[in-house]
Amino acid sequence: MAKVKIKIVQCPYCNSTQFVNGYQTFQASVVSKEGSFKSQELHHKICLSCGSVVRSYVIEPEKLLKRKNRKYVTD
């Protein structure tokens, strides 16, 4: 899978351009219902002005696929 770079330069809610990056771990980790794998931290880009989470993501989304052959699984 190709990595996509998403650049957020302005908050869609208050138009601020100042952000902080953070992440959640433990019980807020992302896990797949399709099979077992190591859970991943959920990362956030947060606006410093209004506090809105403007983007949430995992670093390695391919790990959300089944281990056997890492093919996409859809509902």
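Because the model is predicted, local features need pLDDT of at least 70 and side-chain atom pairs count only at pLDDT 80 or more, while totals for chains, interfaces and linings use all residues. Residues are numbered from 1 along each chain as its sequence is written, and side-chain values use heavy atoms, with hydrogens and water left out.

Let's begin with the overall plan. The chain has zero helices and three strands, and reading along the sequence gives the pattern β-β-β. Here helices (H or I, at least four residues) and strands (E, at least two) are DSSP runs, numbered from the N terminus. The chain has 75 residues, and 20% of them are buried. Buried means under 20% relative accessible area, exposed means over 50%, and partly exposed lies in between, using a 1.4 Å probe and protein chains only.

Among contacts in the chain with a separation of 6 or more, 47% are between residues 24 or more positions apart.

Now step into strand β2, which covers residues 42-47 and holds H43. H43 counts as buried because its relative accessibility is 14%. Not counting residues up to four places away in sequence, H43 touches G22, Y23, R55, S56, Y57 and I59. The side chain of H43 also makes a polar contact of 3.4 Å with that of E41. A polar contact is a pair of N or O atoms within 3.5 Å; within protein, one must be able to donate a hydrogen and the other to accept it, and residues adjacent in sequence count only if both atoms are side-chain atoms.

Next comes H44, also placed in strand β2. With a relative accessibility of 11%, H44 counts as buried. Leaving aside neighbours within four places in sequence, H44 is in contact with V20, N21, G22, Q24, V53, R55 and S56. One of these, S56, is joined to H44 by a polar contact of 2.7 Å between their side chains. H44 and Y57 are 13 residues apart in sequence, yet their C-alpha atoms are 6.6 Å apart in space.

The charged end of R55 sits over the ring of Y57, 4.1 Å from its centre. A charge sits over a ring if NZ of Lys or CZ of Arg is within 6 Å of the ring centre and within 35 degrees of the ring normal.

N21 counts as exposed because its relative accessibility is 55%. Not counting residues up to four places away in sequence, N21 touches H44 and K45.

Cysteines come next. A disulfide is a covalent bond between the sulfur atoms of two cysteines. In this model, a search of the whole structure finds zero disulfides, counted as pairs of cysteine sulfur atoms within 2.5 Å. C47 is in no disulfide, and its nearest cysteine sulfur, that of C14, is 3.6 Å away. C47 is buried, with a relative accessible area of 2%. C50 is partly exposed, with a relative accessible area of 38%.

S52 belongs to the loop between β2 and β3 (53-57). Not counting residues up to four places away in sequence, S52 touches Y13, K45, I46 and C47.

Finally, look to either side of the strands. N15 lies in the segment before β1 (19-24) and counts as partly exposed at 49% relative accessibility. Most residues other than glycine have a negative phi. N15 has a positive phi of about 70° although it is not a glycine. P61 is in the segment after β3, where a relative accessibility of 35% makes P61 partly exposed. Not counting residues up to four places away in sequence, P61 touches K3 and Q40.

How values were computed
Contact = heavy atoms within 4.5 Å.
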